[in-house]
Amino acid sequence: MRQSSSQPFYKSIDWVTILMYLIMVFFGWLSICGASYNFETEALLSPGGRPMMQLLWIGLGLVLGFAVISLDTDIYEVGAPLFYGAMMLLLMVTIVIAPDIKGSRSWLVLGPVRLQPAEFAKVATALTLAWLCNQYDFKIESIRSYLKIFAIIFFPIGLILLQQETGSALVFLALFLALFREGFSGLFMGLSASAAVYFIGALVLEDTLWWSATDADLFFVSNAILFFTTTLYAVYTQDWRNRWRYLLYAVGAVLGVYLIAGVVNFFVAFNLAYVAVALVVIAVGTLFYLALREYLLRYLLMAIFAIGSLGFFYSVNYVFNDILQPHQQVRIKIALGIESDLKGKGYNVDQSKIAIGSGGLTGKGFLKGTQTKLNYVPEQETDFIFCTVGEESGFVGSTALLIMYAVFILRIVALAERQVTRFGRVYGYCVASIFLFHLFINVGMVLGLVPVIGIPLPFFSYGGSSLWGFTFLLFIFLGIDSRRKQHTAR
């Protein structure tokens, strides 16, 4: 129910956040100037150049942003499903009519303008999640509620993957982070972490032998399965009185088996990975027994988790070799240190690290970075813009940028917490999660900490679609926040 408010909404706008936005956009434009300028360029602001084009995107983005912030929030709360449906339809159309640009069909070309619908689909998906969570009888408890959430998030992911745009698709996974505030089970975070451990272990240790005859990948993953399954039992068992005693017995039994197997292996070398798999099978059998004895579904699910984990391990090679594209395979191998390809797929990362390192403590100065001026770093205005910051501003400038982003994201979280509607709170956390994901992945891939998946650094990377998408994402939330006092708690 609405409350009357005599105060104009614009007086309630969080101008501090807008100021931070303007500061980041300004320094982002300076970075684009630094990345675009080279020693042969006569005019930095030449017509049609990237700095001038980015100025145009910024100007139009500000106009659109303040237009969005002035709209009544009922438009977003009521119209979110319609906006979502329209964006999903646009993503489908994009698959069919978009031209092939660098192996991706994700850009709509409208004369001299190129737009990437995936950037705006993030806004629609975040609004729809907030709309769903704001329904009167909706609680993240039942299987049905989880299915609705997964459908909303994974539908655009599937469409964007069909466009061969993996990086943009992965960003949508950040929306799950926003839902933990609303009661989303932490079990999914654990499942994701365990899958990452299995995947990395299977790739890094492939064809590696320990103790002359033991398959290192199978041995490592099998013991990881035992660890995660034991952790699940410790957290979700109903027998709290005997929990630690049973866990102590289990750990003791496993260590005893490995001690005996190690002694035997000293005299007769054999594959200890089979012992680890046998222990997983015993754990699964024990959980099935507990499920039947106690009539508890949780034990059955733990057993299924262990079996599924083992199946996941055996599927890694197929997924990696037959489903992932060759350039994706190389990027993952380089990120994990499996391969070193200084002149191939790893060239970007190595050159970006050289550029950042050459900046030293305080940097070489604006327009004085030699690595970027001589075009050693490909895509330096877009995905690798952070290396320009590091080269020209050094450690001090890079650290200041990261601190600014941290303060910016934390402020969005604080604004989300003060919302009086669940719609505003969930959407605010979605905004913060998307910015956090972009920051972590973009900076991580420039530093060689994560595979190169090609996502922009918010407000810094060149491009109208990404800038407008982030602007819409933020300004819609600021509009919702500015009218929070016009609503009573629901």
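A pocket here is an open set of points, on a 1 Å grid over the protein atoms alone, with protein on both sides within 12 Å along at least five of seven lines. Lining residues have an atom within 4 Å of a point. A volume is the space filled by probe spheres set on the points, which are joined across faces, edges and corners.

This is a predicted model, where local features need pLDDT of at least 70, side-chain atom pairs count only at pLDDT 80 or more, and totals for chains, interfaces and linings use all residues. Residues are numbered from 1 along each chain as its sequence is written, and side-chain values use heavy atoms, without hydrogens and water.

Now the second largest pocket. It holds about 770 Å³ of space. Its lining counts 26 residues, with Thr230, Tyr246, Ala250, Ala283 and Thr286 nearest the centre. H9, helix H10 (243-267) and helix H11 (273-294) each give two or more residues. H11 gives the most: nine. Helices are DSSP runs (H or I, at least four residues), numbered from the N terminus.

H9 brings me to its packing. Helix H8 (residues 187-204) meets helix H9 (residues 216-236) at about 170°, axes 9 Å apart. Axes are lines fitted to C-alpha atoms over the stretch in contact, and angles run from 0 to 180 degrees between N-to-C directions. So H8 is roughly antiparallel to H9 (over 145 degrees).

Who makes the contact (heavy atoms within 4.5 Å)? From H8, residues including Leu187, Val197 and Tyr198; from H9, among them Phe220, Phe228 and Tyr236.

How values were computed
Parallel < 35°, antiparallel > 145°, perpendicular 65-115°, else oblique. Contact = heavy atoms within 4.5 Å. 1 Å grid on protein atoms, 1.4 Å probe; cavity = no way out; pocket = protein on both sides within 12 Å on 5 of 7 lines; lining within 4 Å.
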